[in-house]
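Take a look at the sequence and the structure below.

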Amino acid sequence: MFVDQIAMNKVIVLYRRPSGKAVQGDFKLIFEPVPVADDGEILLKTRFVSVDPYLRGRMNDKPSYVPPFKLNKPLQSAIIAEVIDSNDTRFKIGDMVCGNLEWKEYQVATGKGLQLIQTADIYLTAYLGILGMTGLTACLGLTEIGRPKPGETLVISGAAGAVGSVVGQIGKIMGCRVVGIAGSDQKVKLLKSKFNFDEAINYKTTMDLRGAIKTVCPDGVDIYFDNVGGKISDDVLNYINKYARIVVCGAISMYNETSRVLGPYVQPSLVSKSALMQGFIVSDFADQFPATKKQLFKWLMDGKLSYHETILEGFERIPQAFIGLFEGNNEGKMIVKV
Ligand code: NAP
């Protein structure tokens, strides 16, 4: 990453649009004066930063469901920040807020879009993960599209990541047999020991992934929660049952492709199995967020969900954490502590 020091406040901007996988040189750390809160504004100090695979899409100059990041402007993601000065009566110094904020150590904001978070009941970072977009995506994607029934087999790719690990646990709560696919033996162990998955496969070391899926899913696959797309998904689709539901949550294996990837075509499997394949963006279910957050909170409090994080320390390491998502460097939610 390039460094251009002119003042005190650290800011990370998109210096260059990545070609393929993002690299450190695509980001730039700059320094600017710490801003001052005007009337009606608050001054925030960043405490925890969420990095998420979808940010990669925003680094391309292509229209999508969220606008692209601008070159030489700060990137943004979900951030937990502390109020250190306030000219807004709704916020007092010391309050913690969560919202879509810029990759800046200090920034001013209006209260718009910021959630005041309670710190008494639960650790702060849960609001970036299991009680934030991650938990909502896992719960709503699985229940609204996957529609799990007790006894069904649920297969999850990207299973040891932020979304995948929550999907599997909710699948267990709903009585499914849960199988995870992940990229290391350590992750396979974590899925079985901490998240209660019935079976897990390391797709990086299994020579015959298709055969391995067949072995651990002797009754076929009723629900496939897809976080990765590509070859792993092609292999899972071989074993879907009649009326299977395929929840297309993400396709991280394809986010860095520079040209269109052609894979096996899915129509024959979908037709022959009367299967449903549906993509979604979590905000499609925004009207259900309050009730879903309550449910997730209750499951956490009741000890039915556990939560795992990979935390990197240091503001400058935000790009490293983001790049690490594409190298499988995280177990559970990837977060940077500032
Ligand atoms: P995550 O799973 O915590 O982190 C990404 C993980 O993806 C990595 O740890 C890595 O695990 C795996 N991965 C990276 N490159 C891969 C590849 N080439 N092939 C297979 N696996 C690969 O991330 P997350 O935040 O939970 O997001 C998971 C998926 O959900 C992403 O596709 C994301 O875009 C999507 N998502 C969608 C929505 C929505 O509204 N639809 C919302 C949030 C997230 P391994 O070690 O297992 O490879």
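## About the model

This is a predicted model: local features need pLDDT of at least 70, side-chain atom pairs count only at pLDDT 80 or more, and totals for chains, interfaces and linings use all residues. Residues are numbered from 1 along each chain as its sequence is written, and side-chain values use heavy atoms, with hydrogens and water left out.

## The largest core

A nonpolar core is a set of buried Ala, Val, Leu, Ile, Met, Phe, Trp, Tyr and Cys residues joined through side-chain atoms within 4.5 Å. Buried means under 20% relative accessible area (1.4 Å probe, protein chains only). The largest core has 47 residues. Ile80, Leu154 and Phe225 touch the most other members. Elements giving two or more residues include β6 (96-102), α2 (133-146) and α8 (289-301). Helices (H or I, at least four residues) and strands (E, at least two) are DSSP runs, numbered from the N terminus. The largest share, six residues, comes from α2.

Ile80 is in contact (heavy atoms within 4.5 Å) with residues including Phe48, Met96, Ile117 and Leu128, leaving aside neighbours within four places in sequence.

## A second core

A separate core holds 33 residues. Among them are Ala22, Ala81, Leu101 and Leu312.

Gln107 sits in strand β7 (residues 106-109). A polar atom of the Gln107 side chain lies 2.8 Å from the backbone oxygen of Glu102. Residues up to four places away in sequence aside, Gln107 touches Pro35, Ile42, Leu43, Leu44, Thr46, Leu101 and Glu102.

Technical notes: Buried < 20%, exposed > 50% of the residue type's maximum accessible area, 1.4 Å probe, protein only. Polar contact = N/O pair within 3.5 Å; in protein donor to acceptor, adjacent residues only side chain to side chain.
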